[in-house]
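Tutor: Let's take this one by question and answer. Have a look at the sequence and the structure, then ask away.

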Amino acid sequence: MRLHVFYNGTDSNYDKDFRKEGRFIHGEIVSRFGYYAKNINNQEQANVLRIHGVGGSKTDGNIVTNTVGTAFGVKMREDVQNICNFVMEARDNLFRANQQRQQNQRDLTLTVTLMGWSRGGIGCIYAAHMLSKIWDKVESEEDSGIDLDIKVIAFDPVSGLGTNIRALDLGWTDIAIMGAKTWLSQGVTRAKNLTESVYTIVKNLTNWWELPEHVSEFHGFYAHDERSHGFATTMPTMLGDTDGRTFCLYEVPGTHSTLVGNLYPYGGAEAAQNGNADPVGLHIYRSVVSKVGKLLAGWNVQLDASITQDWLQPLNLNGNFGLGQIVAPSGDDLSEYKDHAQRISIVSDKLTSLNHKDIPGLADGRGVYLGGNKQDRKWKPEDTLTEFLGEQNSKSMIDSWYQAIVGSETKLEKLKGNVSAHDYNLSASDWD
């Protein structure tokens, strides 16, 4: 069985952004792929879950929580809970169906693909972490014989205020109680016992940025030129045996929003006078769509055939997500694009002036939560992703003391496992 979850970013609405309103001239990537993913309905449940981003994009009519959600991520806990319930309900349904089948006809793998942007991206990481822990506990109580395989595509996973790990430690400890009864059908007593066990696990979860072994693939796309205050991104740590698992980090020129389809000039809030997309931003957007489409195809994610005529052909992409005839921008054009993108601010310039490229100083660069809950040294504008991750991990005095004792460690090594970094290759319009 295959399940697909598409989780929008803050104030990003699946319906609105698919219809290409505002800055998303060709549609926001998560919304677009979410729309074309085939929702195969069967007797048990549908296999696609689409989630509006936290904040004003929620459509539940609660003005207060939706407004606060933009700043502090209110409703994100419930979104992650819904993802876990969605998957665990599918496990229960598949378990029951297998019991009615001949042994050689049983489906013994539940594959879950999670795709999200911004808080939706960090939400996918948190959901993968929590789901793995809950799955293991449920299986210890009731062995279904089903393997869980999680694959994650995260676009610039940003926790922001209210949904970083400090807030999770304080506010997410009782999430399991709300949905545990849907995960087993063996009676109230058994469900109650499981609820208490899962609650104990969740209460002690603190390293939500870690990806357990159920995550077989993680593909993170990171905006090189984002400089807004509060938009530090997360590169998660990989846990356990990494053999046969794939963890790739990709550098993408541009800002947090151009990464998924904001094609106003340099990712700003104002449209070009001619109404057209920025040509460099459009080219990079095409590259990301191509890369993600090939990942999904490799995972056998079924997409509706209308995707080619409706979305890919206008982007000069073919049905196999090939780039067609590549006319890449010049190196000078790309440098100018990146330089201007670093001056764009999502929030007030008064709050983010130190982050801008034209203001030298300690804040010059992209903040990164590197395998933990502390921001690592800024990702400098002149550094590629491989150069940044190749630096010695010496953000703090404690790091320096630790390395003096055990030896040097690069930032890439801090992430553990077989993590690979990929810089944007302009000539190939792809990643090495």
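Student: Is Tyr266 buried, partly exposed or exposed?

Tutor: First, this is a predicted model: local features need pLDDT of at least 70, side-chain atom pairs count only at pLDDT 80 or more, and totals for chains, interfaces and linings use all residues. Residues are numbered from 1 along each chain as its sequence is written, and side-chain values use heavy atoms, leaving out hydrogens and water. Buried means under 20% relative accessible area, exposed over 50%, and partly exposed in between (1.4 Å probe, protein chains only). Tyr266 has 21% relative accessibility, so the label is partly exposed.

Student: What is the phi of Tyr266?

Tutor: Tyr266 sits in the loop between β9 (246-252) and α8; helices (H or I, at least four residues) and strands (E, at least two) are DSSP runs, numbered from the N terminus. Its phi is positive although the residue is not glycine, with a value near 60 degrees.

Student: And Phe321, with its positive phi: is that residue buried or exposed?

Tutor: Phe321 has a phi of about 70 degrees without being a glycine, and its place is the loop between α9 (306-312) and α10. Its relative accessible area is 6%, so Phe321 is buried.

Student: What angle do the axes of α8 and α10 make?

Tutor: Val280, Gly281 and Ile284 of α8 (residues 279-298) meet Asp333, Leu334 and Tyr337 of α10. Axes are lines fitted to C-alpha atoms, for helices over the stretch in contact (heavy atoms within 4.5 Å), and angles run from 0 to 180 degrees between N-to-C directions. Under 35 degrees counts as roughly parallel, over 145 as roughly antiparallel, 65 to 115 as roughly perpendicular and the rest as oblique. These two helices are therefore roughly perpendicular; their axes come within 9 Å and cross at roughly 95 degrees.

Student: Which strands stand at the edges of the open sheet?

Tutor: The seven strands run in the order β2-β1-β3-β4-β6-β9-β12, with parallel pairing, where two strands pair if DSSP finds at least two bridges between them. An edge strand has a single partner, so one side is left without a neighbour in the sheet; that applies to β2 (48-51) and β12 (419-422).

Student: Which residue in β2 is the bridge partner of Phe6?

Tutor: Strand β1 (residues 2-7) runs parallel to β2, joined by four bridges. In β2, Phe6 finds its bridge partner in Arg50.

Student: How far apart in space are Trp135 and Leu148?

Tutor: Trp135 belongs to helix α5 (residues 119-141) and counts as buried, at 2% relative accessibility. Beyond its neighbours within four places in sequence, its contacts include Met88, Arg91, His214 and Leu148. Trp135 and Leu148 are 13 residues apart in sequence, and C-alpha to C-alpha the distance is 7.9 Å.

Student: Last one: which residue of β9 pairs with His219?

Tutor: β9 is largely enclosed, since six of its seven residues are buried. Seven bridges join it to β6, running parallel, and four join it to β12, also parallel. In β9, the bridge partner of His219 is Cys248.
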